[in-house]
Amino acid sequence: MCGIIGFKGTGLVTAELVEGLQRMEYRGYDSWGVAVMTKKGIFVEKKVGAIGDGKLEQPPVDALLGIAHTRWATHGGVTKTNAHPHLSKDKRFAVAQNGIVENYLELKSSLQKQGYQFKTSTDTEVIVHLIDAKLKQVKIFAEAVRLAFLELIGRNTIITLDQQTEQIVAIRNGSPLVIGHLPDGGVLLASDTLPLAGKARTVTYLDDQQLVVINDKVSVFAVKTGKPLKLHQQKFDFIEQKIDKAGFDHFMLKEIVEQQYTIKEAVSYSDQELLPLIKALKKARTIYTVGAGTAAFAAGQIARVLRVVAKLPVQELKAYEIDSYLPLMSAKDLLLAVSQSGETADTLDAVGKAQKRGVTIASIVNMIGSTLSRGSQYAYLSRSGPEICVASTKAYTAQLAWGYLLAMTIIGKHKQAQAEIGKVAKKLKGYFTDQTFRQLQKLAIDLAKHEHFFVIGKAQHFYTALEGALKIKEITYKHFEGFSAGELKHGVIALIDQGTPVFGIVGNDQYQADVLSALAEVRARGARTFGITARPNEFFDVHIPAIDGGNLDSITKIIPFQLLSYFLGIQQKNNPDKPRNLAKSVTVK
Ligand code: F6R
């Protein structure tokens with residue numbers, strides 16, 4: 001949800017900023033812009049659309065420092081004018097923001113009364129004018145930024161570039177900011193660690209309500225008091241991972257295919273490494289798993305496997321619906337938060353509320369150094385590498401694999417779980433073939449004419465139905481609804497009409513008969529049935545082959561949905577990596 005970057009150091013400043021934005025493009029791709037400072041002043045260039053090759057018209061080669069931003073619009077349409085950074089009227093400083101100024105209308109009208117004129121429809125412009133107003137009072141740029149910030153309501157992270165003091169001043173609140181200290185003394189400040197990979201040796205993770213001033217040195221202050229704070233630098237061993245498509249047309253397909261490796265990485269934890277969490281889980285009165293979107297479905301699957309395999313009292317929650325559970329929570333409970341980014345505002349908010357009730361926090365996160373990991377007593381990583389496609393695929397299955405390992409380790413079957421995942425990984429390798437791709441491509445052509453789809457599953461396949469439907473909605477913009485097979489007769493069946501496509505996820509398990517009979521019922525009412533399973537069956541009009549993963553069907557049966565959403569998206573001429581209206585890291589509520 002918007003990517004922010006700042007750079008002060010040697011080399012080509014603009015190129016450094018643009019490369020950083022390219023690495024963070026998944027955070028927002030409506031529009032982008034850079035503001036760099038040369039001896040002659042601040043140069044700003046903005047573009048509408050995704051950053052792509054990052055070409056600018058006239059990037060100055062003698063820039064000394066700069067800031068840049070890739071936008072996911074909240075206030076104000078996607079236009080060049082609304083793109084960040086925004087320059088002050090006197091061109092002295094530039095501002096970029098990640099967040100929402102909730103009181104911007106009040107601030108705007110008060111600034112208008114003071115004579116400020118607004119050129120954009122963004123909430124960011126309020127920050128620009130506020131800083132300008134404060135600067136007239138206090139004269140010190142960083143102090144003006146701090147005082148302006150104190151008037152903002154909402155989760156806002158801002159970055160500013162000042163011509164006069166040759167400073168970058170930034171404040172973190174809500175969405176992340178990490179400072180990368182480069183070996184040659186340069187400093188890169190970014191919304192996540194991807195731009196720092198392979199460049200920074202040490203990093204400083206800013207906490208909320210901290211202000212950083214970057215000039216000849218880096219200084220951190222408390223926003224509320226303005227008092228200096230100690231700069232905590234820590235080793236950064238995020239090896240540069242090539243963020244390229246590795247020959248695939250899109251990151252999405254690459255990341256889907258990578259799952260044959262990533263599920264194994266996710267279960268590389270030894271039983272000893274899982275032990276501290278296992279002890280805490282066993283001690284807990286109630287365990288809650290929580291997440292948002294795809295991560296909420298992963299949280300559902302993890303809760304289910306902890307109940308079924310480890311017999312633990314686990315309840316899955318949606319991060320944004322935690323409130324009614326809070327009165328039940330206490331220091332006796334544990335909350336396991338699931339997230340790809342570790343920066344999702346809804347999830348962090350839920351964790352914060354549970355923390356206030358004394359609940360122990362554990363997490364499984366994909367991104368290294370996230371706010372969620374840093375705020376957890378028991379922090380684990382799903383180890384899938386950067387997930388660039390906005391729709392989550394490999395992080396989801398990695399988290400399911402990790403959840404299975406955790407549950408099996410609790411009952412003393414750590415090695416068995418690793419071996420089972422290893423077998424599934426091998427089977428996946430055999431699944432990702434041209435033959436599978438061609439079959440799903442053909443199916444995509446067949447399905448492209450439909451607008452409404454349903455998918456039914458039961459038990460682990462119920463969560464797969466929900467996640468499968470979400471994937472297809474995100475990438476194809478078609479209406480795809482997931483249900484439990486049991487829910488059908490209680491109302492949903494009214495939607496079935498002649499030719500309605502209904503998918504059924506059929507495992508080789510005790511729920512097989514339930515899903516098959518649900519398919520038979522919809523077929524009797526005119527539905528066209530699609531069976532996602534290992535073998536064809538008389539109940540299916542179309543058989544979509546899927547691997548029989550046994551206990552790990554939650555991993556194997558989501559793959560056909562991921563692939564189908566990809567090919568159907570391509571069929572629709574959508575960009576699967578950058579679905580409309582979506583951003584990867586949802587750092588605003
Ligand atoms: C779906 C998707 C979103 C995220 C959700 C949570 O493909 O990517 O639904 O799963 O926004 O994000 P994280 O996992 O970063 O907390």
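This is a predicted model: local features need pLDDT of at least 70, side-chain atom pairs count only at pLDDT 80 or more; totals for chains, interfaces and linings use all residues.
Is Arg-374 buried, partly exposed or exposed? I looked that up to start: Arg-374 counts as partly exposed because its relative accessibility is 33%. My cut-offs are under 20% relative accessible area for buried, over 50% for exposed and partly exposed in between, with a 1.4 Å probe and protein chains only.

Residues are numbered from 1 along each chain as its sequence is written, and side-chain values use heavy atoms, with hydrogens and water left out.

**Salt bridges**

I counted a salt bridge when a side-chain nitrogen of Lys or Arg is within 4 Å of a carboxyl oxygen of Asp or Glu. That rule gives 29 salt bridges.

I went back to Arg-374, which pairs with Asp-207, the closest N and O atoms being 3.4 Å apart. This pair links distant parts of the chain, 167 residues apart: Arg-374 is in helix 10 (residues 371–374), and Asp-207 is in the loop between strand 11 (202–205) and strand 12 (210–214). Helices (H or I, at least four residues) and strands (E, at least two) are DSSP runs, numbered from the N terminus. Asp-207 is partly exposed too, at 40%.

Next I checked Lys-134, which forms a salt bridge with Glu-151 at 2.5 Å between the closest N and O atoms. Lys-134 counts as buried at 11% relative accessibility, whereas Glu-151 is partly exposed at 33%.

**Helix 12**

I then followed helix 12 (residues 414–431), which has 18 residues and reaches 26 Å from its first C-alpha to its last. That is close to the 26 Å expected at 1.5 Å a residue, taking 1.5 Å times one less than the number of residues. Its buried residues include His-414, Ile-421, Leu-428 and Tyr-431. On the face turned away, I found the exposed Lys-415, Lys-423, Lys-426, Lys-429 and Gly-430.

**Domains 2 and 3**

The domain assignment, automatic or from a database, gives domain 2 as 242–429 and domain 3 as 433–589. I got 42 residues of domain 2 in contact with 38 residues of domain 3, contact being heavy atoms within 4.5 Å. Across this interface I found zero salt bridges.
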